Amino acid sequence: MNVTVRGRTEHFRTVAFDATKNSVLLIEQRLLPHEFKIVATKNFRETATAITDMIVRGAGAIGATAAYGLAQGALAFRGCDLKKFSTQVENVYQVLKSARPTAVDPVNAMNDVRREITRGETVAEQQALALAAAEQFANDDARHCAELGQHGAKLIRSGMKILTHCNAGWLAFVDTGTATAPMYAAQAQGKKFHVFCDETRPRSQGATLTAWELAQQKISHQIIADNAAGHLMQRGEIDLVIVGSDRTLGKTGEVANKIGTYTKAVLAARHKIPFYVAIPLSTIDWNLKSGFEIPIEERGESEVLGTWGINSRGQREYVRVANPASGARNPGFDVTPAELIAGIITPAGIFKPKELWKQRRKLGFAG
Ligand code: MRU
């Protein structure tokens with residue numbers, strides 16, 4: 001998407017690759033909205049750390065980062081022994097896979113890269129195929145988001161008030177985003193609407209990232225405290241909810257997304273407000289049979305006990321908010337059952353969550 005910094009507008013992808021330096025280029029998302037900066041990782045370990053430390057975050061963005069990281073690790077191999085090369089690729093795969101557990105996109109992305117690699121007969125061929133497959137994943141991610149945006153835009157009418165949770169915008173993908181894609185497409189069609197961004201504690205991706213994106217895109221919006229949505233729904237001030245997902249189960253239609261999503265889905269059902277989930281194909285997990293099998297990331301307690309912000313000197317600073325003697329529990333994601341979801345917006349159309357399995361061929365299931 002376009003970013004305007006100090007009066008200059010430029011198009012950026014959230015994740016890119018510099019082949020001359022064998023570096024993954026990432027927008028440093030922890031600094032947003034206060035500073036826009038691109039960082040370059042020097043090797044696959046730095047790339048994995050960038051995922052763990054959330055320099056880059058969001059399902060599709062970490063998928064593309066993992067794919068490029070795998071190519072980066074493969075390209076760093078010196079020599080022509082295919083067996084040693086495969087061992088190196090497997091090692092890189094495992095390091096990147098363990099960087100964050102809940103989103104399935106990194107695993108799907110790296111499986112694509114691993115599968116492509118095997119078509120090469122030499123190390124050099126396999127290295128070139130690894131990078132080409134990572135580029136392909138990134139391009140597909142951007143295309144899927146644009147396509148699902150066209151389907152999702154049909155749900156948006158002028159005058160609507162839309163709630164979204166966390167950041168499933170272009171910063172969470174390679175470009176365009178998922179929950180925001182229908183909004184951007186509707187805006188391009190001339191529709192006028194208003195978006196409420198859940199603040200999304202503890203890391204506040206709604207208040208920092210989604211709000212920044214929507215402001216950049218000149219879409220009318222306001223940030224609300226996470227606890228405010230029920231009140232607004234009760235007063236008829238929310239017409240539609242669109243969120244993203246980090247893992248959607250193809251067999252059951254259950255949706256893992258940022259902590260607090262399930263609460264919003266329950267509230268939306270209570271108030272008969274349609275609740276939609278927007279995903280690219282890489283977010284579908286065709287294997288798991290129950291949402292309880294989804295690994296839910298538990299993050300450090302400091303995220304709940306305090307918060308990061310910018311001080312009066314313009315420096316990033318952590319402040320402790322909570323009672324000094326108290327600890328915290330910090331599950332990063334929750335799972336919303338299929339019956340609370342009106343539809344899953346995909347690049348191939350909008351489906352009921354329980355129809356995903358029936359539609360699996362259209363949705364990229366290769367098994
Ligand atoms: O912890 P994050 O910021 O990587 O969480 C991912 C998310 O931003 C959300 O869960 C989002 O709604 C879906 S990812 C596109």
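This note goes through the ligand site of a predicted model.

1. Ground rules. Residues are numbered from 1 along each chain as its sequence is written, and side-chain values use heavy atoms, with hydrogens and water left out. Because the model is predicted, local features need pLDDT of at least 70 and side-chain atom pairs count only at pLDDT 80 or more, while totals for chains, interfaces and linings use all residues.

2. Neighbours. The ligand has 17 residues around it, and R57, R100, D246, N257 and K258 come nearest (near: a heavy atom within 4 Å). By type, the shell holds seven nonpolar, six polar and four charged residues, with Gly counted as polar.

3. Position. The ligand lies between domain 1 (2–146) and domain 2 (150–355), because both give residues to the shell around it. The domain bounds come from an automatic or database assignment.

4. Polar contacts (a pair of N or O atoms within 3.5 Å). Oxygen atoms of the ligand are 2.5 Å from a side-chain N or O atom of R57 and 2.7 Å from one of K258. At N167, a backbone N or O atom lies 2.9 Å from a ligand oxygen. Taken alone, the ligand exposes 400 Å², and the protein buries 99% of that (Shrake-Rupley method, 1.4 Å probe).

5. Cavity. On a 1 Å grid over the protein atoms alone, a cavity is a set of points where a 1.4 Å probe fits but cannot get out; lining residues have an atom within 4 Å of a point. The space taken by the ligand is the largest cavity, with about 180 Å³ of space, a volume being the space filled by probe spheres set on the points. Its lining has 23 residues, with R57, G58, A59, D246 and F333 nearest the centre.

Technical notes
Polar contact = N/O pair within 3.5 Å; in protein donor to acceptor, adjacent residues only side chain to side chain. 1 Å grid on protein atoms, 1.4 Å probe; cavity = no way out; pocket = protein on both sides within 12 Å on 5 of 7 lines; lining within 4 Å. Sits in = over half its atoms within 2 Å of the grid points.
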